[in-house]
Structure formats: C-alpha cells, structure tokens
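Have the coordinates open as you read.

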Amino acid sequence: MSFETVSQSRCFGGTQSVYRHGSVETGTPMRVAVFVPPQAEKGRTPVVWFLSGLTCTEENFTVKAGAQRVASELGLILVAPDTSPRGEGVPDDPEGAYDFGLGAGFYVDATQPPWVRHYRMYSYLSRELPELIGRELPADMTRQGIMGHSMGGHGALTIALRNPDRFRSVSAFAPIASPMNCPWGEKALAGYLGQDRSTWRDYDACALIADGARLPDLLVDQGTADTFLENQLKPQLLEEACARAGQPLILRMQEGYDHSYFFIASFIEDHLRWHAKRLGDL
C-alpha cells in the first residue's frame, strides 16, 4: 500500500498534495490532502491532523482555511483526510440526507449492516492512515496534534481521548460536543452502531471524559452566531463534563461568528500556534 499522487502544487515554500490510496479498513480508495512545509527538506517535522465536518471532503480545509502560510512558518505537516468512504458499492442514506452516509462517516467503526463493511473511519484514522503517513512522508509521528470542525471536532476529540499516548495537542472548532445528546449524533450513532446506547459512549467526548479519559489540555472555539449552537453542538455539555472531571479546557465563545470556514479561517492561526507550542522538540 502506497500513495498515488493526484495533484501537487508549490505553496508558501512547501508542497500541497492530494494523494489516493487503497484502504484495507474501508475497502475503498481513499483520498487525503497533505501540506508538507519547507522544513521537511532537512528532516522529519510534526504532524497536525484536521478532521472536517458533514458534507466535506479532503478539499474543504485545504482550500478554504488558509492554513498553509502559518504551517509553513511553524514547520507543521497538515493532514486532511476525507470524511467517509466513497466509491462503488458504498451505501448512502436512502433518502439522500446530508447528515448520514457519504460525507458523514462520523469517525466511527460501524457495527450495523449495511454500513459495517466500509464505514470504519475510526480504525482508518487511528491506525491505517497514520502508519501510511509515517512511512510515505517526512513526518515525525512522535509529535502529533489533532483538530477538527463540527463532526470533525467530535472526531478529533474522541480519537484523541481514546489514544492519549499519540497526541500531544488537541483543539476543535465548533465540535459536536456530545453526539449522544443531539439529533445529528443520535441519528448517526443509532444507524452505525445500533440502539444500545452503551456502545455509543466510545464516540462521545463528554462520555469518554466522564469515564476517565483525559487530555493534557484542550482549546475549543465556538461562534455565538452559529445556527447549530443550541440544538446540535451544545458546548456547555463539554464545559460541564470537563469541570466535573478536572479536565483542562479553554472554551472561547467568539462573538458574531457562524459555522462557516470564514470562522475557521479567522482563528486557524491561533490553533496552529497552539499546536506548534505543544509539538516542540522532545
């Protein structure tokens, strides 16, 4: 298994690439966007993952967030994977809804048919893709951070909480704080995992924290004008879970910002500098 180059462009002294590879976990071709900074010409550099939200692909963060300039300055590899398996034979929501199926893998390993064969985004991102990145690119896999937006914020939090030895820094933009307690999450977790809510806890940041999982610290930005704030995102649940558990959290409510990539682009530099500070030399 190796990368096939789909596209490559010079960018702020580094290289922005899109790769394709065959995935054992999903049983499909997968695409991933990777920015490699100029510092990688002299040695391996830290890695920051970005997990995107509902309806997104590897392209959204890559072309809309404006992250490459700062990543080039700081010497960070940026990895932006797709949000679900795709291709012939991969099932989709039968009603064509945007919040389930293609583009909405929710970063879980499905256990229910027909999703169980291909929808294995947790294992793909926690094991398979990191091994490939470490082998194919000049990435220092001892220095990894992870962040994400919305559904991807949920993914970043849960993957980090379940793999505390892997990530030295974690942040999120408008994450789905508790999928067990919002319409998006209840639909996705029931569909992919079944009706036994006890099996959902591995994919809910608040539940994982309540069950003892910890992060060194956590930065979360949330826009106050986000139309999904009250019904879907519920950052107060994460704030309460962290307070009860003594989990360090910086939650910044950003006045007037919505759920769009304009919001992400406004604060991406803050997040990258947060990660770079924590991914310094061992």
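## The sheet and its middle strand

Strands β3 and β5 run antiparallel and are joined by 4 bridges. Helices and strands here are DSSP runs numbered from the N terminus, with helices being H or I of at least four residues and strands E of at least two. Two strands pair if DSSP finds at least two bridges between them. Within this pairing, Phe 35 stands opposite Leu 78 of β5. β4 and β5, in contrast, run parallel and share 3 bridges, and Leu 78 in β5 is the bridge partner of Val 48. Strands of a sheet pair through backbone hydrogen bonds, either parallel or antiparallel.

The whole open sheet has 9 strands with mixed pairing, in the order β1-β2-β3-β5-β4-β6-β7-β8-β9. Its edge strands are β1 (4-11) and β9 (250-254), each pairing on one side only. From one strand to the next, the twist averages 20°.

## How the model is read

This is a predicted model: local features need pLDDT of at least 70, side-chain atom pairs count only at pLDDT 80 or more, and totals for chains, interfaces and linings use all residues. Residues are numbered from 1 along each chain as its sequence is written, and side-chain values use heavy atoms, with hydrogens and water left out.

How many residues of β5 are buried? The count is 5 of its 5 residues, where buried means under 20% relative accessible area, exposed means over 50% and partly exposed lies in between (1.4 Å probe, protein chains only). Ile 77, Val 79 and Pro 81 are buried on one side of β5, and Leu 78 and Ala 80 on the other.

The largest nonpolar core has 92 residues, and Phe 61 and Tyr 192 have the most contacts inside it. Such a core is a set of buried Ala, Val, Leu, Ile, Met, Phe, Trp, Tyr and Cys residues joined through side-chain atoms within 4.5 Å. Leaving aside neighbours within four places in sequence, Phe 61 is in contact (heavy atoms within 4.5 Å) with residues including Leu 78, Ala 80, Met 147 and Tyr 261.

## Helices around the sheet

Helix α9 (residues 261-278) lies across β4, β5, β6, β7, β8 and β9, and runs at about 165° to β7. For such angles, axes are lines fitted to C-alpha atoms, for helices over the stretch in contact, and values run from 0 to 180 degrees between N-to-C directions.

Helix α3 (residues 121-136) bends by about 35° at Leu 129, and Pro 130 follows within four residues. The bend is the angle between axes fitted to the seven residues ending at a position and the seven starting there. Among the buried residues of α3 are Met 121, Tyr 124, Leu 129 and Pro 130. The buried residues of α3 pack against β2, β3, β4, β5, β6 and α4.

In helix α4 you will find His 154, which is buried with a relative accessible area of 1%. Beyond residues up to four places away in sequence, His 154 touches Phe 106, Tyr 107, Pro 175, Ile 176, Pro 179 and Tyr 203.

## Cysteines

With a disulfide taken as a pair of cysteine sulfur atoms within 2.5 Å, the count comes to 0. Cys 56 is in no disulfide, and its nearest cysteine sulfur, in Cys 182, is 16 Å away. Cys 56 is buried at 7% relative accessible area.
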